[in-house]
Amino acid sequence: MSSIHDELLARSMAVMPGGVNSPVRAFKSVGGTPRFIRAARGATLEDVDGRVLLDYIGSWGVAILGHSHPSVTKAISEAALLGTSFGTPTEGEAELAEMIVRLVPSIEVVRLVNSGTEATMSAMRLARAATGRAGIIKFRGAYHGHGDMFLVEAGSGAATLGVPSSPGVPESTASHTLVANFNDLDSVASHFEAQGDQIAAVITEPVCGNMGCIPPEPGFLEGLRTICDDYGALLVFDEVMTGFRVALGGAQERYNVRPDLTTLGKVIGGGLPVGAYGGREDLMRMIAPDGQVYQAGTLSGNPLAVAAGRTTLGILESNPDIFSELEGTGRTLGLGLEALGREYGVPIRWQSSGGMGCPFFSETPVTDWQSSAATDSQAFNRFFHGMLQRDIHLPPSRFEAWFWSTAHSTTDIDRTLTSAKDILAGGLDA
Ligand code: KE4
């Protein structure tokens, strides 16, 4: 008998690609039918069947304060009564920009946009304009949104010029994207040695969250900073996920490395669409209308999203202990899951930073795309569905990080671990 989720998926698929507005939601990598959600509050989602699910998707990192935080909902409601989008400057945008400048160490000037993708595309256009170079370096397995230049996998064999990994990305675009390996400075150096004078920037997730959670190894981010300085390239930290997630000042504060440009998203919108890019003032003043580098957006900085973002950042700024609490939750989850793995003979390796992390079904550390791709996908998929059957909704892919919030209680974490124990005791090869 088909469920209401099957019916809604069929209806959605009739009019939307895959029935979703973002591919990962479709459960393609884990199989099965995605749950249609009708409400979310605190650490939980409520599906259209009325089932309440403990949520580790957290809207992919957005919901650091939990869903429907009363202060955020109130701020949105009040802003909505004044209108939703004016297409003019507003005081709220200045306030949010001032908060970002105050809280993110390297950001002196910032531009608000509507998504992480817009932020990364704009930051790389600026880097190319500032350096007069076209080449960019990204890391295999890293995700920076769906801009053409980022949808590139390294060419096979020794040729490491990018080739498109999505139809519709012209070779001419992909050829400017060079691909290196995360946590491998030599793979970056070899690109610079070969064509350093053509490389505008290196863009990295300072903590990778799109191939599972992979923190930087000691010295890696510092090494990127040095090599960019040596060759006159810019260092861009894509903190769309790590910003206000791994520390109040993001990964650049946590790891004490100062990029030239930073991109932000997710948390800064408090659940509404906001992205941002910012950094050195000499670079950001090149953006129109101060400078000639064009970038624009009808709904950029709209009053609703800015109200949600300001309220969220305000709560984080006035409660900095939140980050040590989130770190502690990650430690409890990690120690518990790894202990269960040992108890039941299932290799589990937990990796996390601040309020993001994930288990890998792996004997060995996961330091880059290759080691992430080598982890046990079947084990993950069985674990995923076992947790969903127990009303715990993990991100539906082993290449995604889990996100927890200030709304996740110790009872929630205990329940997560007892559910995991139940599944592992039953065996994952069933
Ligand atoms: P958006 O365009 O989706 O707002 O942001 C793109 C982006 C840029 N940079 C990083 C480091 C990101 O993680 C993202 C988006 N993250 C994914 C989660 N892996 C969003 C989920 C989805 O695509 O539906």
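**Close-up 1. Packing of helix α7 against helix α8 in the predicted model.** The axes of helix α7 (residues 185-195) and helix α8 (residues 220-231) come within 10 Å of each other and cross at roughly 10°. Axes are lines fitted to C-alpha atoms, for helices over the stretch in contact, with angles running from 0 to 180 degrees between N-to-C directions. Helices (H or I, at least four residues) and strands (E, at least two) are DSSP runs numbered from the N terminus. The two helices α7 and α8 are therefore roughly parallel to each other; angles under 35 degrees count as roughly parallel, over 145 as roughly antiparallel, 65 to 115 as roughly perpendicular and the rest as oblique. From α7, the residues Leu-185, Val-188, Ala-189, Phe-192 and Glu-193 meet Phe-220, Gly-223, Leu-224, Ile-227 and Tyr-231 of α8, where contact means heavy atoms within 4.5 Å. By class, this contact has 8 nonpolar, 1 polar and 1 charged residues. Ala, Val, Leu, Ile, Met, Phe, Trp, Tyr, Cys and Pro count as nonpolar, Asp, Glu, Lys and Arg as charged, and the others, Gly among them, as polar.

**Close-up 2. Packing of helix α3 against helix α11.** Helix α3 (residues 70-80) packs on helix α11 (residues 303-318) at an angle of about 150°, and their axes are 8 Å apart. That angle makes α3 roughly antiparallel to α11. The contact is formed by Ser-71, Val-72, Ala-75, Ile-76, Ala-79 and Ala-80 of α3 together with Pro-303, Leu-304, Ala-307, Ala-308, Thr-311, Thr-312 and Ile-315 of α11. These residues divide into 10 nonpolar, 3 polar and no charged.

**Close-up 3. Packing of helix α14 against helix α15.** The axes of helix α14 (residues 377-389) and helix α15 (residues 410-426) come within 10 Å and cross at roughly 125°. Helices α14 and α15 are therefore oblique to each other. Phe-383, Gly-386 and Met-387 of α14 meet Thr-416, Ser-419, Ala-420 and Ile-423 of α15. In this contact there are 4 nonpolar, 3 polar and no charged residues.

Close-up 4. A polar side-chain atom of Asp-238 lies 2.7 Å from a nitrogen atom of the ligand. For Glu-400, a polar side-chain atom likewise lies 2.7 Å from a ligand nitrogen atom. A polar side-chain atom of Lys-266 is 3.0 Å from a nitrogen atom of the ligand.

Close-up 5. Ala-288 and Pro-289 are joined by a cis peptide bond, with omega about 5°.

**Notes to all views.** Residues are numbered from 1 along each chain as its sequence is written, and side-chain values use heavy atoms, with hydrogens and water left out. In this predicted model, local features need pLDDT of at least 70 and side-chain atom pairs count only at pLDDT 80 or more, whereas totals for chains, interfaces and linings use all residues.

Note on methods. Polar contact = N/O pair within 3.5 Å; in protein donor to acceptor, adjacent residues only side chain to side chain.
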